[in-house]
Amino acid sequence: MNKSKGSVESDISKAITQWEKDYLGRGSVSVKTDILRDLVIVSLQGVLTPAEYSVCETKEGMLTVKKTRSELVESGLGTLKEIIFTNSGEQVKSFHTDISSRTGERVMVFKLDNDLEKKFL
């Protein structure tokens, strides 16, 4: 791979930010991507809207927001996997995500077929 690890991480962050804007209608406040062995870990800050924070004040509201946001991201999973493949050259084996209704942070974890970090050594 010709690019540095930091460059690939940055490219993934930018592509996911653009995906959020195009697909979800708004982007997060900040995105940080880390490559660790066969994992691509993406941390997104400021994902929830002010209205969603208000809804999250009750347990039922929080569960509704988490479920809705999860379904939205899952429905765009094909494009997210494409972003990872395009920027890393590795196929995504599995995808995991969760969102904090308290902090508005989302974490995405892409498990890859191979150890991507080894390509940078």
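**A buried glutamate, its salt bridge and the surrounding fold**

Glu 90 counts as buried, at 7% relative accessibility. Here buried means under 20% relative accessible area, exposed means over 50%, and partly exposed covers the range in between, with a 1.4 Å probe and protein chains only. The model is predicted, so local features need pLDDT of at least 70 and side-chain atom pairs count only at pLDDT 80 or more, while totals for chains, interfaces and linings use all residues. Residues are numbered from 1 along each chain as its sequence is written, and side-chain values use heavy atoms, with hydrogens and water left out.

Glu 90 takes part in a salt bridge with Lys 119, in which the closest N and O atoms are 2.9 Å apart. Because Lys 119 lies in the segment after S4 and Glu 90 in the loop between H4 and S3, the pair ties together parts that are 29 residues apart in sequence. Lys 119 itself is partly exposed, with a relative accessible area of 33%. A salt bridge is defined as a side-chain nitrogen of Lys or Arg within 4 Å of a carboxyl oxygen of Asp or Glu, and by this rule the count comes to 8. The helices (H or I, at least four residues) and strands (E, at least two) are DSSP runs, numbered from the N terminus.

Another of these pairs is formed by the side chains of Lys 5 and Glu 117, with an N to O distance of 2.9 Å. Lys 5 belongs to helix H1 and Glu 117 to the segment after S4, so that distant parts of the chain, 112 residues apart, are linked. Both residues are partly exposed, Lys 5 at 26% relative accessibility and Glu 117 at 21%. In a further salt bridge, the closest N and O atoms of Lys 66 and Asp 98 are 3.4 Å apart. This pair also links distant parts of the chain, since Lys 66 is in helix H3 and Asp 98 in strand S3, 32 residues away. Lys 66 has a relative accessible area of 23% and is partly exposed; Asp 98, at 47%, is partly exposed as well.

The strands were examined next. Four of them form an open sheet in the order S1-S2-S4-S3, with antiparallel pairing. S1 and S3 are the edge strands, each pairing on one side only. On average, neighbouring strands of the sheet are turned by 15° against each other, direction ignored. Two strands are taken to pair if DSSP finds at least two bridges between them. S2 and S4 are joined by 6 bridges; Ile 41 stands opposite Val 109 in S4, and Leu 39 stands opposite Lys 111. S3 and S4 are joined by 7 bridges, and Val 92 has Leu 112 in S4 as its bridge partner. S3 and S4 form a hairpin with 6 residues between them, and Gly 104 in the turn has a positive phi of about 75°.

The side chains of S4 alternate along the strand. Helix H3 lies across S3 and S4 and runs at about 155° to S3. Axes are lines fitted to C-alpha atoms, for helices over the stretch in contact, and angles run from 0 to 180 degrees between N-to-C directions.

The largest nonpolar core has 26 residues, of which Ile 16, Val 40, Val 42, Leu 80, Met 108 and Phe 110 touch the most other members. At least two residues of this core come from each of H1 (5–24), S1 (30–36), S2 (39–45), H3 (59–75), H4 (77–88), S3 (92–99) and S4 (106–112). Such a core is a set of buried Ala, Val, Leu, Ile, Met, Phe, Trp, Tyr and Cys residues joined through side-chain atoms within 4.5 Å. Not counting residues up to four places away in sequence, Val 40 touches residues including Ile 12, Ile 84, Met 108 and Phe 110. Contact means heavy atoms within 4.5 Å.

Helix H1 has 20 residues and reaches 27 Å from its first C-alpha to its last, close to the 28 Å expected. The expected span is 1.5 Å times one less than the number of residues. Among the buried residues of H1 are Val 8, Ile 12, Ile 16 and Trp 19. An α-helix has 3.6 residues a turn, so residues three or four places apart point the same way. What covers the buried residues of H1 includes S1, S2, H3, H4 and S4. Just after H1, Gly 25 takes a positive phi of about 95°.
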